[in-house]
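Please keep the structure open beside you as you read.

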Amino acid sequence: MAELISIGEALIQFNALTKGPLRHVSLFEKHVAGAEANVAVCVSRLGRSAAFIGRVGDDEFGRNIEAWLRAERVDTRWLRTDPAAPTGIYFVQRGYPIPSKSAMVYYRRGSAGSRLSPEDVVEEAFQGARILHFTGITPALSQSAREACFKALGLAQDNGVQVSIDTNIRPALWPSLEEAAEVLMPMVEKADILFTDPTDSEILVGENEPEKILEVFRGLGVDTVVVKLGERGAVASSGGEKARAEAVQVSVEDPIGAGDGLAGTFLACQLAGRNLFDSLRRATLVGSLITTVRGDQEMIPLLKDLETVYRYYYP
Ligand code: KDG
């Protein structure tokens, strides 16, 4: 059985080959993406085992996602093909209006992935697993996806599985930010490991200062809190320890997916028994590497390559 169970919507990403507003872009490159799928692939590439629970459509993009995840050795036995809806897609607009940033344009309403429901979340997946992971995207997809997350939280608790949540608030998926906070906070309070950033924390708990964010979520009972700070790196707090890691300086092609690489690497390191600082520094490094190419998953290193690049930056 897989050590990490990730629940969410895997998507096909069309990434603009040229920077600027999408209306002027003629060529797009296809990638497999979706926050929870990115984390599952990351954990698997780093030598730990991962399974992905979700739905894809009975179409070419659904087959593309399934084949990709299998090739990455992610356990897809609980990935369902739903003939009633298409696989979700989105486009990435790069470098506009902010030069170093990307924007996502979704075409996913009513997608197969959004039809995730409690019946897709089976107890068998949790038996022997060590970590359940999902992000704030999954409960935003639909009422049934939200219920699937709650069922997963219950099964994690019943089976002694740690809960990892990345707040990942995507405003385009929520009717309002207040609703995002209302739905996500009861889930966050059940997390053992939390990934967040200043923007999401401002929405959830009215704090955007990294040290305060650590304090507030730790105070709510979350054992390990990681605050992602983009080009400023990350800070974390766990038990009696605190750690800070700087991002490495790289040339940014597309920052989307960096946060998932950071989370996936941190979780893989924790599964491998690494301490907080070692986990955070490797996680931050992988987050930086991912920004150097288009696509969320392509630059996630294999374990041996992570150690090579780690020694390069931290000789
Ligand atoms: O973190 C990257 C993801 O946001 C991207 O792959 C798309 O999953 C996605 C989403 O729902 O925004």
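1. Start with a pair of residues. I12 stands opposite I89 in strand 6. Strand 2 and strand 6 pair in the parallel sense, over 4 bridges. Keep in mind that this is a predicted model.

2. Stay with strand 6, residues 89-94. It is mostly covered, with 6 of its 6 residues buried. I89, F91 and Q93 point one way. Y90, V92 and R94 point the other way. In a regular strand the side chains alternate between the two faces of the sheet. Strand 6 has buried residues pointing both ways.

3. Now look at the other partner of strand 6. Strand 6 and strand 7 run antiparallel and are joined by 6 bridges. Y90 stands opposite Y106 in strand 7. Both Y90 and Y106 come back at the ligand, where they are listed among the closest residues.

4. Which strands make up this sheet, and in what order? It is an open sheet of 4 strands in the order 3-2-6-7, with mixed pairing. Its edge strands are strand 3 (28-33) and strand 7 (102-107), each pairing on one side only. Neighbouring strands here are turned by 25° against each other on average, direction ignored.

5. Strand 2 covers residues 11-16. One example to find: N15 has E29 in strand 3 as its bridge partner.

6. Check the pairing around strand 1. Strand 1 runs parallel to strand 4, with 4 bridges between them. I5 stands opposite A51 in strand 4. Strand 1 also runs parallel to strand 8, joined by 3 bridges. There, S6 has H133 as its bridge partner. Both faces of strand 1 are covered. L4 and S6 are buried on one side, and I5 and I7 on the other.

7. G54 stands opposite L79 in strand 5.

8. Is T135 buried or exposed? T135 counts as buried because its relative accessible area is 0%, and the cut-off for buried is under 20%. T135 lies in strand 8 (residues 131-135). Its side chain makes a polar contact of 2.7 Å with that of E36. Apart from neighbours within four places in sequence, T135 is in contact with A35, E36, D166 and N168.

9. Compare A245, in strand 13. A245 has a relative accessible area of 1%, so it is buried. Not counting residues up to four places away in sequence, A245 touches R232, G233, A234, L280, R281 and T284. A245 and L285 are 40 residues apart in sequence, and 8.7 Å apart in space, C-alpha to C-alpha.

10. Helix 5 (residues 177-188) has 12 residues. From first C-alpha to last it reaches 15 Å, close to the 16 Å expected at 1.5 Å a residue. Its buried residues include A180, A181, V183, L184 and M185.

11. Finish at the ligand. How many residues surround it? There are 15, and the closest are Y90, Y106, R108, D260 and D296. A polar side-chain atom of R108 lies 2.7 Å from an oxygen atom of the ligand. For R170, a polar side-chain atom lies 2.8 Å from a ligand oxygen atom.

Note on methods: Residues numbered from 1 in each chain as written. Predicted model: local features only at pLDDT ≥ 70, side-chain atom pairs only at ≥ 80, totals over all residues. Heavy atoms only, no water. Helix = DSSP H or I, 4+ residues; strand = E, 2+ residues; numbered from the N terminus. Buried < 20%, exposed > 50% of the residue type's maximum accessible area, 1.4 Å probe, protein only. Polar contact = N/O pair within 3.5 Å; in protein donor to acceptor, adjacent residues only side chain to side chain. Contact = heavy atoms within 4.5 Å. Expected span 1.5 Å × (residues − 1). Pairing = 2+ DSSP bridges. Near = heavy atom within 4 Å. Axes fitted to C-alpha atoms, helices over the stretch in contact; angles between N-to-C directions.
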